[in-house]
Amino acid sequence: MERDVFSEIAAHAGAGAPALVYQPQVSFPAGQVIGLEVLFRWRAQDAPKRHSPLMFLPQLTPAQTSELFFWVMEEAISEARVLSNWTGWNGYISVNIEADQIGDPALIEHINTTLQRYAWAPERLMVEVTERRAIPAFPSVARNVQSLRKSGVRVAMDDFGEGYASFEYLKILDPSDIKIPASFTADVTKDVRNAEIVRALVDISRRLSIHVVAEGVENRECAQALHAMGLQSMQGYLFGEPRELEEWAQLLKQPGASVLQPS
């Protein structure tokens, strides 16, 4: 199946090979890396060009999309296991999953098997539900999410407030985390409406015991404004662009490592 997936990707993105890059999720203002979001890329033969999944995901069947998620998750956990053993880093790995995969009957067994194989604690895995498609109203969706949460795996709503996501998802899915997209966070220092939306999301999340991650943080001024609104977990180019795991390992092996330069 993996060969079928990669052959299909190559048909749309050109000859090449799969690659994983990682972007840190940090605690501000300390700048400590609390998590690493894994991002799948297709490395074309004319490297270093890497193609985003948005180029080929719409061409994949649901079965192929699920198989790609399973491959990415296992590769990421395998790499993160080595990273943790070498550096002592104890953060989590975050993997994106398409909304219509949440009800996959094979999802729970595959995740549990992978966690056991690499002795990776469930609490150190976050599954980010993307919003490119609506989440199907299937009973299996709620069952799978409940199983993940019960095992300790974190379930996040990615780019909450865009696309298909609604407040109903907070009730049905009971996510552990939501990620506020850059479309709301990037201009909080200039756009009053964006600032009020972020404040409202932070407030309701606190009341529902949902952890919040702010995406799209590109400068310290934005980070400080978000922190004043009650946000500590952030992600964005201020803290680093997506890189291969070996590059992050060099930083994380340093005691008290921070991705932020002194202001």
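This is a predicted model: local features need pLDDT of at least 70, side-chain atom pairs count only at pLDDT 80 or more; totals for chains, interfaces and linings use all residues.
Biologist: Why is H2 called roughly parallel to H3?

Modeller: The axes of helix H2 (residues 62–87) and helix H3 (residues 107–117) cross at roughly 15°. Angles under 35 degrees count as roughly parallel. So H2 is roughly parallel to H3.

Biologist: Within what distance do the two axes come?

Modeller: The axes of H2 and H3 come within 10 Å. In general, two packed helices are described by the angle between their axes and the distance between the axes.

Biologist: Is the crossing left-handed or right-handed?

Modeller: H2 passes H3 in a right-handed crossing.

Biologist: Which residues in H2 and H3 meet?

Modeller: From H2 come Phe69, Phe70, Met73, Glu74 and Ile77. They meet Leu107, His110, Ile111, Thr114, Leu115 and Arg117 in H3. Contact here means heavy atoms within 4.5 Å.

Biologist: How do the residues of this contact divide?

Modeller: The contact of H2 with H3 has 7 nonpolar, 2 polar and 2 charged residues.

Biologist: What makes the buried residues of H3 line one face of the helix?

Modeller: The buried residues are Leu107, Ile108, Ile111, Thr114 and Leu115. Seen down the axis of H3, they fall within an arc of 135°, so they line one face.

Biologist: What covers the buried residues of H3?

Modeller: The cover includes H2, strand E4 (92–97), strand E5 (125–129) and helix H4 (139–151).

Biologist: Why does Thr130 count as buried?

Modeller: Thr130 lies in the loop between E5 and H4. Its relative accessibility is 6%. Buried means under 20%. Therefore Thr130 counts as buried.

Biologist: Which residues is Thr130 in contact with?

Modeller: Leaving aside neighbours within four places in sequence, Thr130 is in contact with Asn96, Ile97, Glu98, Ala99 and Asp158.

Biologist: Why is Ser78 called partly exposed?

Modeller: Ser78 is found in helix H2. Its relative accessible area is 26%. Buried means under 20%, exposed over 50%, and partly exposed lies in between. So Ser78 is partly exposed.

Conventions. Residues are numbered from 1 along each chain as its sequence is written. Side-chain values use heavy atoms; hydrogens and water are left out. Axes are lines fitted to C-alpha atoms, for helices over the stretch in contact, and angles run from 0 to 180 degrees between N-to-C directions. Helices (H or I, at least four residues) and strands (E, at least two) are DSSP runs, numbered from the N terminus. Angles under 35 degrees count as roughly parallel, over 145 as roughly antiparallel, 65 to 115 as roughly perpendicular and the rest as oblique. A crossing is left-handed if the near helix is turned anticlockwise from the far one by less than a right angle, and right-handed if clockwise. Ala, Val, Leu, Ile, Met, Phe, Trp, Tyr, Cys and Pro count as nonpolar, Asp, Glu, Lys and Arg as charged, and the others, Gly among them, as polar. Buried means under 20% relative accessible area, exposed over 50%, partly exposed in between (1.4 Å probe, protein chains only). The arc is that of the directions from the helix axis to the C-beta atoms.
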